[in-house]
Amino acid sequence: MEPIIEFKEYTFKYRSQVEPSLRDINLKIYPGEKVLIVGPSGSGKSTLSNCINGLVPFSFPGDSSGSLTIDGKDPKQLGIFGMSKIVGTVLQDTDGQFIGLTVAEDIAFALENDMMSQEKMHAKVEEVAEIVDVKNLLNHAPSELSGGQKQRVSMAGVLVDDVKILLFDEPLANLDPATGKRAIDMIDKIQKNRDTTIIIIEHRLEDVLYRDVDRIVVINEGQIIADMEPDELLSTNVLKEQGIREPLYISALKHAGCNLTKDTKPQHIENMKLDTYEEQVRTWYDSAKREIPKVREESVLRIENLDFSYTEEKPILQDINFDIKKGEMLSIVGKNGAGKSTLSNLICGFYKPQQGKIYLHNQDISLLSIKERGEKIGLVMQNPNQMICKPLIYDEVALGLKVKGVPEQEIKERVYQTLKICGLYQFRNWPISALSFGQKKRVTIASILVMNPEIIILDEPTAGQDYKHYTEIMEFLKEINLRLGITIIMITHDMHLMLEYTDRAVVIADGKLIADDTPSAILTNEEIANKAYLKKTSLYDLAIRCGIEQSSEFVDRFIYYEKKIRSNSKKEMVLDYV
Amino acid sequence: MLSYDTRVLVVMVVFSLVIFYMSKTKWKQVGAVFNMIMIFLLLNIIAVFIFSPYQGVKIYGSRTDLFHIIGPYTMTAEQLFYEGNMILKYFTIIPAALMFFVTTDPSEFAASLNKVGIHYNIGYAIAIALRYIPDVQGDFTKIKHAQEARGIEMSGKASLISRIKNVAAIIFPLIFSSMSRIDTISNAMELRGFGKHKKRTWYYARPLKRNDYLTIGVVVIFAIIGLFITFHNGSRFYNPF
């Protein structure tokens, strides 16, 4: 069979860059295959996908050598429009790529541009909407849809073209775990029913592997590091060496000293052959220790009987009660739109609750203004670009103090001290535009930290970050939590973050608090996980399948084990980001 | 458009109100916009009086003083009549404009603009602006809240000058996040073939039906009658003085 995509000795350099982003790529993808491309940020995986859909070189010009053929043709000759007939791309940003004012129009967009007659167009839209299960939403505006629905509309929008190749750029980045699972399932169905070639670019490997993939291609520094079947790849240490997170059960098996082989089928924990490993896992479990949970007494933020709704008929939050202790790291989790952000908006005073009280150090704060609360409770938004308003790092961090009228000398001292804590001191006079995303994030955290808050609330602190940057941001937050005793609340749907970095998780589903427990207990509880659109951790399945009843204890021991490994290598890491 | 003829205007106001009533537009949908228009109307008639208190006298060629106000300002019957006509003229347009906002689907509007020969780029620019207004509004609120929490006061408590300064703290992040949005949109549009051909079709385009042709016909007849009256009288104004 002829490959549908073939890179031969392909090298590409963006016009604006000195070094090539892809070097000597040799890759063949065959019709009907499902290929996962993984790699850390800046590895060249996005460039590779842009080469396939024609954004390179048409929207992002540059120089290439070697050859690339797609469906037997040269993309350069087809142009971006010709390419769009062969390759359908679903981008990461579910909002940004929703062009139409309604679902139907968005699906029809490509057909409109092709001047298809209205009658044919209506029929085609119906047909495709059926496939991705949005037929009953055709007249809805994007604001009425959930993230998962928007993504399915985007899939429909490229399926109308009967493309041979579907390209997904980080399809899971903005979805909660259960919705992500559904998306992967949908992609799988499309591949099976229409025999489409599927390429998925994603660093959340474990979630993609929820359904079989034929091959995984690992990219780093512009080169292909590995191109293997999943079973084979998971038996090696390639992922770890390239800074990509392995599925948790794989890490656990490796910690237990198991020598994985591809014939045990490690791709799915549910049907992996574990018999040879069970004993080792149990032995490891018995010898591993867990962290002794710290007992914290002093309440810093207490929420009592909180109710909130925009309209009377539809309550957003109902009777929320919980107590956050000083120095805790807490996660608020739940499906998209469950009311997590509303809760943080209520805490910060952006909205007023219909009922209930919020206490800071046992004092009711209902009468405090947004600004007054802001001095105690800092809020860091998901996207740093939504907070940064000064061109220079120093000015950005100093802004809050200047507005408050703090004397110049004191501002300087406090800003410098904060920048040192955040590892940004040597950049203090740099323009912010020269920083990476992770560094910008750190600037926004610094600009909150400088105000000496007692609590910092972070909205999705690690969304869209690869494993290395994720670890960097989270270790940094842990550090300020430990060193400065600041209580940290994180709103997230990243199950790894919740497991690895928080002491406690508050689970919100359909406006109600349904659990308030340790993350390991929550993620091994099927009922709660389902209700809140979370995903049970694969460590649970591993524990159960190895005959370990106390799955949550198993998870705790695993997390502690990993923590120790991280703190051993942390010295290097600190040097890395100073 | 041209006529200030009171008789024509009165007829048009009546027609306009009848159509507005028939369209079953709810006050709730248009109330805020209507109030805004009223404020502008008020500003408009006051400004006309301040800058040109004797415009009416000039137009109608007579002067009937009613009462003296201050300095060079004397209220004349002609000026009152002239400004009254202005208000009437506003009211001929307001119901139609409000109805247009409420009843026109932006997608259909974009399609129709294209149909009457305007390039689809322009129609689509309007449609997509409408598509992203709620998103940008959402961004605006989020950014404003976050900056307020940092102590940048935007409410009435801060002085006007510091509020204007503080607006920058919202505007810059808003511009930057909108810019990256634009990047994504334009890539997404291009990947799906926008701009491939000189023409495009529209999912929501509607063919003109009998009633549409009838409406166009009535509009043309109205325009001709209006023009006829204007030229017949030899003036855009009806002069009772």
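## Domains of chain A

A quick word on terms: the domain bounds used here come from an automatic or database domain assignment. The structure itself is a predicted model. For chain A, that assignment gives domain 1 (5–245), domain 2 (247–293 + 537–577) and domain 3 (299–536).

Now for a pair of them. Between the C-alpha centres of domain 2 of chain A and domain 3 of chain A there are 30 Å. Where these two meet, domain 2 of chain A puts in 11 residues and domain 3 of chain A puts in 12 residues. On the domain 2 side, helix H23 (551–568) and helix H24 (570–577) of chain A each give two or more residues. H23(A) has the largest share of that side, with 5 residues. By class, the domain 2 side splits into 6 nonpolar, 3 polar and 2 charged residues.

## What the record says

An unreviewed UniProt entry carries the annotation "domain: ABC transporter" for residues 5–246 and 301–535 of chain A.

Take residues 5–246 of chain A: they are 38% helix and 24% strand, with end C-alpha atoms 27 Å apart. Residues 301–535 of chain A are 38% helix and 25% strand, and here the end C-alpha atoms sit 28 Å apart.

## Where the chains meet

Chain B joins in too: 46 of its residues are in contact with 46 residues of chain A. Helix H5 (106–115), helix H6 (120–149) and helix H7 (160–191) of chain B each bring at least two residues to the chain B side. Sorted by class, the side of chain B that touches chain A holds 23 nonpolar, 10 polar and 13 charged residues.

Key: Residues are numbered from 1 along each chain as its sequence is written. Chains are lettered from A and ligands numbered from 1 in the order in which they are written. This is a predicted model: local features need pLDDT of at least 70, side-chain atom pairs count only at pLDDT 80 or more; totals for chains, interfaces and linings use all residues. Two residues are in contact if their C-beta atoms, placed from the backbone, lie within 7 Å. Helices (H or I, at least four residues) and strands (E, at least two) are DSSP runs, numbered from the N terminus. Ala, Val, Leu, Ile, Met, Phe, Trp, Tyr, Cys and Pro count as nonpolar, Asp, Glu, Lys and Arg as charged, and the others, Gly among them, as polar. UniProt positions are given in the numbering used here, feature names are shortened, and annotations may be inferred rather than shown by experiment.
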